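Q: I'd like a close look at just one part of this structure. Could you walk me through it in plain words?

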Amino acid sequence: MTFSQPNPKDQINAKNLSFVYESVYKANRDEISAIMNKEGEKPSDSPDLDKYKALNLINLSICQGKFIAMVGDTGSGKSTLVRTFNGLIPSFYRGIFFGYVGVFGKDSIQEKISTLSQDVGLVFQNPENQLVAMTVEREIAFGLENIGLKRELIQKKISQILEYLGISHLRMRHPYELSGGEQQRVAIASIMTLEPSIIILDEPTATLDPQAAESVLNLLEKLNKDKKITIIIIEHRLEVILPYCTEIIIVQNGQILQHASTQEVLNSDYLYSTNVRIPEYIILFKKLKSNKIYSGIIPSTIEQAAHIMRELIS
Ligand SMILES: Nc1ncnc2c1ncn2[C@@H]1O[C@H](COP(=O)(O)OP(=O)(O)OP(=O)(O)O)[C@@H](O)[C@H]1O
Ligand SMILES: [Mg+2]
């Protein structure tokens, strides 16, 4: 089953979404204009435009409360896609935008980024680019001041958020003097001030050691479970994210190759046709299945794999 049918619980809905970056348009202006002006043809559907598109006819629904891993080859369009979810595309990254992105039923093109970012928080790979204040406290206060809260309430909220994220001790520290994992937590804290329903993280653990990565992911799992916040994580290392995600979106050549439950993705063929690095134990089970030595499900974690192996040989 793929999740393409709109559902009333959908938080994000993309319909026939395509995007050409402005710099690509400028470098190929004549050819692209000729395609766009072809009579009797809908430019967004024209295959001649495909090679210029960073996103190509995306249809996607994101449902409340999921923990989603977005994977795909480098340059496949993952970062581009999530930039359409909070209006960074096309407001900040300009270009030719076709189709529709609805965020809680609001047309992303019509809404201001400031409105959309109250629903959708985006954390980048290098959070230091996102942190601007002199102290962690000021960093978190920034979002709260912007929505016009009183000083006492701001102080109280900061304490609550810091405590919840386990970083109260960092309150008066300078964001630049923190470790990568601590900076990620502060970036998540400052996004949480707006109480978004969805938090998207673009490769949040890429620069972290395994322990720090695990602690950021555990925190996101807590937000997902306690507060029902939808989490979307772009992640190259499948083995890092598999213990957490309930759904996987595979992006390939600017398109959605598959969007399904983690189990369904591991047990069908699409993932194996990409260059995504797949954990060895999964490849092993896939081979056992292809060779008809094993007919059960492909496990998502190493613990499950070990458990199945033990049963198989006992
Ligand atoms: N700001 C930009 N201007 C022009 N082209 C861009 C821009 N950002 C990305 N692209 C192009 O759009 C396509 C999709 O890039 P994108 O960054 O979305 O891929 P990605 O899946 O996030 O890759 P990675 O895994 O390497 O981060 C690529 O061809 C890329 O070169
Ligand atoms: Mg990217």
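A: Let's start with the cysteines. The sulfur of Cys245 is 16 Å from the closest cysteine sulfur, which belongs to Cys63, and that is too far for a bond. Seen from the other end, Cys63 has Cys245 as its closest cysteine partner, again at 16 Å between sulfurs and too far for a bond. A disulfide is a covalent bond between the sulfur atoms of two cysteines. Here a disulfide is counted when a pair of cysteine sulfur atoms lies within 2.5 Å, and the structure holds zero of them. Cys245 is buried, with a relative accessible area of 7%, and Cys63 is buried too, at 18%. (Buried means under 20% relative accessible area, exposed over 50%, and partly exposed in between, using a 1.4 Å probe and protein chains only.)

A quick word on the ground rules. This is a predicted model, where local features need pLDDT of at least 70, side-chain atom pairs count only at pLDDT 80 or more, and totals for chains, interfaces and linings use all residues. Residues are numbered from 1 along each chain as its sequence is written, chains are lettered from A and ligands numbered from 1 in the order in which they are written, and side-chain values use heavy atoms, leaving out hydrogens and water.

Now for the strands. (Helices, H or I with at least four residues, and strands, E with at least two, are DSSP runs numbered from the N terminus.) Take β8, residues 230–234: five of its five residues are buried, so β8 is largely enclosed by the rest of the structure. Thr230, Ile232 and Ile234 point one way from β8, while Ile231 and Ile233 point the other way. In a regular strand the side chains alternate between the two faces of the sheet.

What does β8 pair with? (Two strands pair if DSSP finds at least two bridges between them.) Strand β3, residues 67–72, runs parallel to β8 over four bridges, with Ala69 opposite Ile233. Five bridges join β8 to β7, also in parallel; there Ile199 faces Ile231 and Leu201 faces Ile233.

β7 covers residues 198–202, and five of its five residues are buried. Ile198, Ile200 and Asp202 point one way from β7, and Ile199 and Leu201 the other. Strand β6, residues 120–123, pairs with β7 in the parallel sense over four bridges, and Val120 has Ile198 as its bridge partner.

Finally, β7, helix α9 (residues 210–227) and β8 make a right-handed β-α-β unit. Right-handed means that, with the strands pointing away from the viewer, the path from the first strand over the helix to the second runs clockwise.
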